[in-house]
Amino acid sequence: MKTVIFDLDGTLADTSGDLIAAANHCFRVMGHGDVLCMNADAGVALRGGRMMLGTGLRRLDLFDTAVVDQYYPVLLEAYGQAISVHTRMYDGALDAVERLRAAGYGVGICTNKPEGLAEQLMRDLGARDAFGALVGADTLPVRKPNPDPLRETVRRLGGDQAQTLLVGDSDTDHNTARAAGVPSVLVTFGPSGEDMAALEPDALLHDYAALDQVVRALIG
């Protein structure tokens, strides 16, 4: 079976608002107030919790890896308690997924969000049943850009590793696809969209309405 694997944050859904809210909760606990901005720091948010904490601490001239490690669990707890307040699926994403399923493709999610939080978020958004498999940052001992999580997602779908592509929004996704020897499709509508062309992926996706055509061109 041919398979299409999706990243989650910044690819299927804009999760930046809830991620930033969780990071700012940490900064308030530290006594600094809100440090990250909902709009300006959306790209930072989609690089993960540790990146948000590190970025904020650097702005305060207080960066310390021990503080990042200390507050990362606090961030995850806060995020889990308000994971879908601001988050929205990108326009047309679920429609595109349903078209792929109807055409016989296997579809799954391979994310660097912890698996439990990814499952929770997709259930909250009413979208979990659209995907046949979900592999998170802690499902395996390794995470993207190691190719094993992508391969595991395909395996759980019963898919063909040689007829797979990865849809993502970052150099991490691009490098994961390259390591796995499969095509990469990078979306341009996320916070870092203007930087995607420089990575020279196999295709750029400007709108989910065009995904079907892109998939057929790359894996048939």
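Here are some questions and answers about this predicted model.

Q: Are the rings of F6 and F131 stacked or edge-to-face?
A: A pair of aromatic rings is described by the distance of the centres and the angle of the planes. The centres of the F6 and F131 rings are 6.1 Å apart, and their planes stand at 80°. Planes over 60 degrees apart count as edge-to-face. At 80°, therefore, the pair of F6 and F131 is edge-to-face.

Q: Is F131 buried or exposed?
A: Residues under 20% relative accessible area count as buried. F6, its ring partner, has a relative accessibility of 0% and so counts as buried. For F131 the relative accessible area is 4%, so F131 is buried.

Q: Which residue's ring lies under the charged end of R50?
A: Look for the charged end of R50 in the structure: it sits over a ring, 4.2 Å from the ring centre. For R50, the ring belongs to Y72.

Q: Is α1 oblique or roughly parallel to α4?
A: Two packed helices are described by the angle between their axes and the distance between the axes. Helix α1 (residues 16-30) and helix α4 (residues 65-81) have axes 9 Å apart, at an angle of about 125°. That angle makes α1 and α4 oblique.

Q: Is the crossing of α1 and α4 left-handed or right-handed?
A: First find where the two helices touch: residues of α1 including L19, A22 and V29 meet residues of α4, among them V67, Y71 and L75. The crossing of these two helices, α1 and α4, is right-handed.

Q: Which elements do the buried residues of α6 pack against?
A: Start with the residues themselves: the buried ones in α6 are L117, A118, E119, L121 and M122. Just after this helix comes G126, with a positive phi of about 70°. The buried residues of α6 pack against α4, β4 (106-110) and β5.

Q: Is H174 buried or exposed?
A: H174 lies in helix α8 (residues 171-180). Beyond its neighbours within four places in sequence, H174 is in contact with S184, L186, L199, E200 and P201. With a relative accessibility of 7%, H174 counts as buried.

Q: Is E200 buried or exposed?
A: E200 can be found in the loop between β7 (184-187) and β8 (203-205). Most residues other than glycine have a negative phi. E200 has a positive phi of about 55° although it is not a glycine. Its relative accessibility is 61%, so E200 counts as exposed.

Q: What is the phi of D61, about?
A: D61 lies in the loop between α3 (49-59) and α4. Its relative accessible area is 71%, so D61 is exposed. D61 is not a glycine, yet its phi is positive, at about 60°.

Note on methods:
Residues numbered from 1 in each chain as written. Predicted model: local features only at pLDDT ≥ 70, side-chain atom pairs only at ≥ 80, totals over all residues. Heavy atoms only, no water. Phe/Tyr/Trp six-rings, centres within 6.5 Å; stacked < 30°, edge-to-face > 60°. Buried < 20%, exposed > 50% of the residue type's maximum accessible area, 1.4 Å probe, protein only. Lys NZ or Arg CZ within 6 Å of the ring centre and 35° of its normal. Axes fitted to C-alpha atoms, helices over the stretch in contact; angles between N-to-C directions. Helix = DSSP H or I, 4+ residues; strand = E, 2+ residues; numbered from the N terminus. Parallel < 35°, antiparallel > 145°, perpendicular 65-115°, else oblique. Left-handed = near helix turned anticlockwise from the far one by under 90°. Contact = heavy atoms within 4.5 Å.
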